[in-house]
Amino acid sequence: GLMFGWPSLSGMIKDLNNFNEGCTGQQDVCTSQESSLALLWTLGIFTLNCGPVAMGFVLDLMGPKLTGILGVLLNMTALVLFGVSSSTGVNAFIPAAILMGLGNITFHLAQFHISALFPRSRGLIASIFVAGFTGCGIIMYLLMLIFESAGGTRQAYRTIMLSYAGVCSLWIPLFAWMMPSHSFRVGMMYLRRKDWTFEVRLRTEFARQYRRTTSLQDFVAASSLHQANGGTRSAVGGVAGGVVADPASQPGFGFTPAGVGRSLAASRAVADSQTELVGHADHEQATMTGQLPQDISWGPLVFEARRFVELRKKTFSEQFWSTEALGMGIFYTLNVFIMQFYLGTTRLQLSNKGDKGQYTDFANIVVAFAFLTIPIIGWLLDKKGYGITLGTINGLNMASSILQAIPNLQVQVVTIITWMIARFFMYSSYFAIFGNLFGFKNFGKLVAADNIVNSLFGLLQYPLAFAGLHHGFTWINISQAIVLLPLFLFAFFMFRWENADLVPIRPLEGEELEMRHY
């Protein structure tokens with residue numbers, strides 16, 4: 001995530017008088033210089049957004065180990081090019097920005113599969129990785145402090161960038177040692193041997209089947225086992241002593257058998273036979289407790305909207321043109337664009353409000369503390385669902401845009417914090433929601449298609465930043481807040497859809513359980 005430290009990196013490039021042709025000392029903001037820096041930011045963030053399109057295929061072909069090492073090499077190359085570049089000499093700023101954006105997302109994608117090792121907390125684990133990704137901007141701020149302490153010379157800048165490229169190289173042997181050659185899948189475990197090598201094992205190798213804690217879960221388990229055995233279990237539907245036992249009326253499942261009560265009152269012989277049936281049912285239930293069917297042997301029974309269960313079964317074309325995919329594409333494209341636009345223009349917008357650098361420094365530092373909100377986004381993703389999570393993200397981003405339009409400099413502290421939380425929530429939720437909603441059969445292609453649109457739309461940042469330089473940013477901030485307003489409607493519909501027509505699913509696979517009758 002080094003590209004997210006652009007306010008600090010661009011500040012160092014500016015302090016070395018790069019792109020200052022045509023600038024005069026009387027100008028507080030040199031339009032030509034800022035336009036050149038805005039172009040570098042736009043190209044870097046374009047490759048960062050578009051990176052999953054190409055690197056998704058690389059990840060599938062090469063595996064996470066080699067993909068992660070490739071990401072490190074791209075980041076190192078970008079740092080070297082930034083370090084040796086000068087607008088009046090070797091000008092490699094454009095390829096440096098392109099490679100940094102591509103290297104950032106490549107390294108990030110190579111780690112995401114690790115969340116599959118924690119299937120019940122994938123939102124939380126994804127949030128931890130995103131905290132590191134989005135918080136890396138503080139590294140550039142620390143490098144800027146070293147640069148200023150060393151006198152702000154070109155030699156100091158070059159030494160710092162080349163030295164940090166050397167630090168990044170340490171991740172190559174680390175990836176070669178710890179990262180697997182193939183992506184993890186749900187149901188896997190990653191274990192360290194005594195010789196400090198690693199191996200992949202399946203959870204089912206360590207599985208223990210256990211008694212359910214609710215009568216509904218016991219009922220599903222017993223019924224599924226009965227169907228698997230061809231209906232031979234008298235405890236879930238049979239004839240004994242002339243009395244037909246309805247499967248939903250067995251005492252072992254917590255229901256009162258009214259028909260049996262009438263039989264007991266009518267005949268002592270029938271009562272005796274029913275007593276034998278109940279005793280046999282208890283014995284059968286105890287037996288089945290230790291023989292729960294494999295499809296629900298992991299964790300509690302989970303319910304999900306039939307609409308989303310069926311969505312995961314559809315073809316790529318059907319998923320791509322679904323209301324959910326189109327809505328998610330529009331939602332994330334607009335939210336990502338607005339958040340990244342503020343990141344690229346933070347220094348300019350704060351300077352227009354009278355900042356002398358202190359608030360820009362605060363913006364560079366605060367992103368590193370996004371990890372403090374991990375429990376909140378993890379709770380939203382794992383407990384509250386899609387609708388509330390998306391509504392929260394959109395609300396925070398909209399509030400940030402409104403606050404950006406306020407000319408008071410002190411208010412911008414709240415702006416920066418609100419923006420930081422919204423941005424962290426957005427990145428944390430993206431892969432988690434796409435994976436859970438559409439499944440992983442077409443995950444790569446859907447994410448690639450979404451990122452193509454996202455990247456192309458992101459190119460509008462350059463003309464928009466250029467307009468802000470000449471006409472101010474207030475009208476842009478207000479327009480962005482207005483654009484976000486209709487997206488609450490999509491969040492509302494997602495909330496309605498996910499709470500309607502619920503069906504039981506396998507807890508770790510997200511597939512619908514087949515329960516034809518009980």
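The questions below concern helix packing in this predicted model.

Me: Are helix 2 and helix 13 roughly parallel or roughly antiparallel to each other?
Reply: The axes of helix 2 (residues 31-84) and helix 13 (residues 323-352) cross at roughly 150°. Angles over 145 degrees count as roughly antiparallel. Helix 2 and helix 13 are therefore roughly antiparallel.

Me: Which residues of helix 13 does helix 2 meet?
Reply: The crossing of helix 2 and helix 13 is right-handed. Helix 2 brings Glu34, Leu37, Trp41, Ile45 and Asn49. They meet Val336, Gln340, Leu343, Gly344, Arg347 and Leu348 in helix 13.

Me: How many charged residues are in the contact of helix 2 with helix 13?
Reply: By class, this contact of helix 2 with helix 13 has 6 nonpolar and 3 polar residues. Its charged residues number 2.

Me: What is the handedness of the crossing of helix 16 and helix 17?
Reply: The axes of helix 16 (residues 386-404) and helix 17 (residues 412-438) come within 8 Å and cross at roughly 150°. That makes the two helices roughly antiparallel. Their contact has 14 nonpolar, 10 polar and no charged residues. The crossing of helix 16 and helix 17 is left-handed.

Me: Within what arc do the buried residues of helix 19 fall?
Reply: In helix 19 (residues 461-471), the buried residues are Gln461, Ala465, Ala467 and Gly468. They line one face of the helix, because seen down its axis they fall within an arc of 160°.

Me: Which residue just after helix 19 takes a positive phi?
Reply: Look just past the end of helix 19. The phi there is about 85°. The residue is Gly472.

How values were computed
Residues are numbered from 1 along each chain as its sequence is written. This is a predicted model: local features need pLDDT of at least 70, side-chain atom pairs count only at pLDDT 80 or more; totals for chains, interfaces and linings use all residues. Side-chain values use heavy atoms; hydrogens and water are left out. Axes are lines fitted to C-alpha atoms, for helices over the stretch in contact, and angles run from 0 to 180 degrees between N-to-C directions. Helices (H or I, at least four residues) and strands (E, at least two) are DSSP runs, numbered from the N terminus. Angles under 35 degrees count as roughly parallel, over 145 as roughly antiparallel, 65 to 115 as roughly perpendicular and the rest as oblique. A crossing is left-handed if the near helix is turned anticlockwise from the far one by less than a right angle, and right-handed if clockwise. Contact means heavy atoms within 4.5 Å. Ala, Val, Leu, Ile, Met, Phe, Trp, Tyr, Cys and Pro count as nonpolar, Asp, Glu, Lys and Arg as charged, and the others, Gly among them, as polar. Buried means under 20% relative accessible area, exposed over 50%, partly exposed in between (1.4 Å probe, protein chains only). The arc is that of the directions from the helix axis to the C-beta atoms.
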